[in-house]
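Trainee: I've got a structure to look through, and I'm new to this. Could we go over it together?

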Amino acid sequence: MSKVPSHARVVIVGGGVAGCSVAYHLTKMGWTDVVLLERKRLTSGTTWHAAGLIAQLRATKNMTRLSKYSQELYGTLEAETGVSTGFRRCGSITMALTEHRAEEIRRQASMARSFGVDVEEIDAAEVLRHYPHVNTDGMTAAVWLPLDGQGDPANIALSMAKGARMGGATVLEGVKVTGIEQADGKLTAVNFQEEDGSEGRIATDIVVNCAGMWARDFGQMAGVNVPLQACEHFYIVTENIDGLKQLPVLRVPDECAYYKEDAGKMLLGAFEPKAKPWGPIPEDFEFDQLPEDFDHFEPILEAACERLPMLAEAGIHTFFNGPESFTPDDAYHLGPAPELEGYWVCAGFNSIGIQSAGGAGWALAEWMENGIPPFDIGDVDIRRMQPFQKNRRYLKERASETLGLLYADHYPNRQKATARGVRRSPLHEHLKANGAVFGELAGWERANWFANEGQEREYKYDWKGQNWFANQAQEHDAVRNAVGMYDMSSFGKIRIDGPDAEAFLNRMAGGNMSVPVGKIVYTQFLNARAGIEADVTITRLAQDSYFIVTPAATLIRDMAWLKMNRRDEVVVISDATASEAVICVMGPNSRALMQSVSPHDWSNEAFPFGVAQIVEIGLGIARAHRVTYVGELGWELYVSADQAAHVFETLHEAGADHGLRLCGLHMMDSARIEKAFRHFGHDITGEDHVLEAGLGFAVSKQKNDFIGADAVARKRDEGLQMRMVQFKLTDPEAMLFHAEPIVRNGEVVSYITSGNYGHTLGGAIGLGYVPCPGEKPDEVLASSYEIEVAGTRVAAEASLRPMYDPKSERARA
Ligand SMILES: Cc1cc2nc3c(=O)[nH]c(=O)nc-3n(C[C@H](O)[C@H](O)[C@H](O)COP(=O)(O)OP(=O)(O)OC[C@H]3O[C@@H](n4cnc5c(N)ncnc54)[C@H](O)[C@@H]3O)c2cc1C
């Protein structure tokens, strides 16, 4: 008789480190009827052959929290389960060989300190003390993380599987999930096949896709989008090296290499710039490896023999090539699939699955238990992925780049080079013809800056002012002193239509939606903790119709949030993104420009701030929204895609008389940060309370039945624990990007959530939360502030009101 139960609360698909972690953490949360199905043997996919590096530091605070969690868990699991994880804290060194990399690792070290990770910069002598065998020639900087570690990947997974079983989970090998049943948009069962060919069904409401490199195709089975692609991933292991003692992990990213000492042998692994996508996966894949490719690995080995001369002497015991899944943005996929209720994902680990799985499994289990993640995990939220990203040619092209990017310089604003041009605005060719240099977001090509006549149309990356700094300044100047025009067609646009549209949105949003037709409301969707799930403008188009504008990257997430929270309200929620282009015309001359191409009255009286009107422009029709994200008088023009080119040409031509300049998104970010407008995903997320984010003005006091209302009321009673503060560096040369530590009266208290250069204010501007329980605004500002930039503390002015135009007189002029 089959050992597979006929019913489960949750079925976890895949017995690699991810699946084992999810099972372990769900049982820890008290879930019973947890079933994990593995098609072959536990760990037989990718997990068994990982190198086992377990680092703590990631690019953001919350990803670092999750990695730290993994590391701490692996250190204690053996005591609980009796299965050794082989985990030991050997420490790690990262060595820079260029000045740019030195700046990068110093910035990382600064950031790490603000996240509570133990890290110090060390000189060559210290490097040699930890790692006597390494050649430090060409070293420009190095950092030491004493608590980083390494472990045995397969045993880590098996230890968690044992823990899950001890907690009551059923963990079965040799059971392949072959189908997902659904009814009325909800998951109802999984179908499976056992190794003897027998088939069956488990009734369940919940599935977690932990199928590693199979996760894309497995997701497709249920119409769920899990964009990832397997790539070949290489390391070599030497023969025994006499006298080799325990060493820290060593990373030399400028040579695409990492080194791990393991039981008297050396392991050398590679993150080469151009990787090799691999597939299709053979049906019988189990503890398999891929053919050697020595030519591909040789350049890395050559440099490694110089860096670690003992490698040249040692024989190679193993040349290992194994597949690992890579995602379009090098971040893994976690959370509820937007396509199907009850379907969760934990997959696509981009070569850091061992160090990530503990934290990812914990966060997912918390999310499944509480309906909300323990903190913002937007970096890895599966709902950031776009439907087109399941395209296999796209995935192959992109994955060939993302593997190598892990060890590439992580410059600010670095753009991907592969798989570009998928989503374009109707104005794309017009922008290109006028010098646009494009960046990519969610597949959209967006003009980030405009090159001047004769200037190279390419990014030259740097940690100081990059080659477009002066262009950004010129565009910024046009918006502040004349008029700038930029394309925001990539905005996500959601229509809510139906008799209950007003009631539904009043429940979803903090702002009051019972407004006249034509009114625009700036508002947030809050979760039950009053954390910010979305930051949007909502325009009432008709009695029964609203139009939501949201950032390009969050459209899928916002649509999913709305659908998930709809009760019995009669509304249609539809994506209107591609139907309209958005042309932003901003700056003090914008009124005169609009007046010159349109017969309407564009005065303040006839067209006040916060209102949308249907207007004629040239020969066409548009809906003009009087709002601004740059803090100036201006309009966002929503134009049917077919008329966008005409409206653009009309404005561009007329603009010559008004000082019009085409602008890009780098200008927009510089202008918005001067005005302290929050940026969703950085400054405001699901874990940031709307009042502490300084957005209380956008929450209606007239209603109390919206999601998050109780948490807003509680915070109003209890008082704020922190406040969002705007900073300006006093040294005009220093640059802020993200995650630089905020130092208050000499102590690191938090970090910058977003930064850019303020060309009007004349210095780098950053936003960040300052913890200040019980303090009055004056007390917060009475302190001295510095921001730590690549290890150097730079004095900063602080403000709780926007430093630029605090009363918003310009936008309302
Ligand atoms: C050479 C190399 C070195 C690496 N080094 C490191 C490192 O040092 N540190 C680190 O953190 N990470 C490292 N990694 C990455 C790490 O190995 C992976 O990220 C991790 O193992 C992924 O785990 P997983 O559970 O997502 O996938 P897998 O281990 O592949 O597990 C997925 C499982 O799902 C099963 N499955 C698929 N379809 C079905 C189905 N329909 N029904 C039932 N079961 C199914 C598969 O059989 C498989 O066992 C390395 C990877 C490689 C290739």
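Predicted model: local features only at pLDDT ≥ 70, side-chain atom pairs only at ≥ 80, totals over all residues.

Trainee: Which residues come nearest to the ligand?

Mentor: A residue is near a molecule if one of its heavy atoms lies within 4 Å of it. There are 36 residues around the ligand. Those that come nearest are E38, T47, L53, E324 and Q355.

Trainee: How far is an oxygen atom of the ligand from an N or O atom in the side chain of T47?

Mentor: We're after polar contacts here, meaning pairs of N or O atoms within 3.5 Å. A ligand oxygen is 3.2 Å from a polar backbone atom of V17, and one is 2.8 Å from a side-chain N or O atom of R39. For the side chain of T47, the distance is 2.5 Å.

Trainee: How much of the ligand's accessible area does the protein cover?

Mentor: Accessible areas come from the Shrake-Rupley method with a 1.4 Å probe. On its own, the ligand has 1000 Å² of accessible area. The share that the protein covers is 98%.

Trainee: Which elements give two or more residues to the shell around the ligand?

Mentor: Helices (H or I, at least four residues) and strands (E, at least two) are DSSP runs, numbered from the N terminus. The helices on the list are α1 (17-28) and α9 (353-370). The strands are β2 (34-38), β9 (175-183), β13 (229-238) and β18 (316-326).

Trainee: In β10, which residue does V175 stand opposite?

Mentor: Two strands pair if DSSP finds at least two bridges between them. Eight bridges join β9 to β10 (residues 186-194), and the two run antiparallel. Their hairpin has two residues between the strands, and D184 takes a positive phi near 55° there. Opposite V175 stands E194.

Trainee: Which element gives the largest share of the lining of the second largest pocket?

Mentor: On a 1 Å grid over the protein atoms alone, a pocket is an open set of points with protein on both sides within 12 Å along at least five of seven lines, and lining residues have an atom within 4 Å of a point. This one has a volume of about 690 Å³. Of its 34 lining residues, P336, A337, E341, A560 and M564 are the closest to its centre. The largest share, five residues, comes from α14.

Trainee: Which strand gives the largest share of the lining of the largest cavity?

Mentor: A cavity is a set of points where a 1.4 Å probe fits but cannot get out. The structure holds one cavity of 30 Å³ or more, and about 50 Å³ of space lies in the largest cavity. Its lining includes S425, W444 and D487. The largest share, four residues, comes from β22 (residues 444-450).

Trainee: Where is P280 found?

Mentor: Most peptide bonds are trans. The bond from G279 to P280 is cis, with omega near 0°. As for its place, P280 is found in the loop between β17 (276-277) and α7 (294-307).

Terms used
Residues numbered from 1 in each chain as written. Heavy atoms only, no water. Polar contact = N/O pair within 3.5 Å; in protein donor to acceptor, adjacent residues only side chain to side chain. Points joined across faces, edges and corners; volume = space filled by probe spheres on them.
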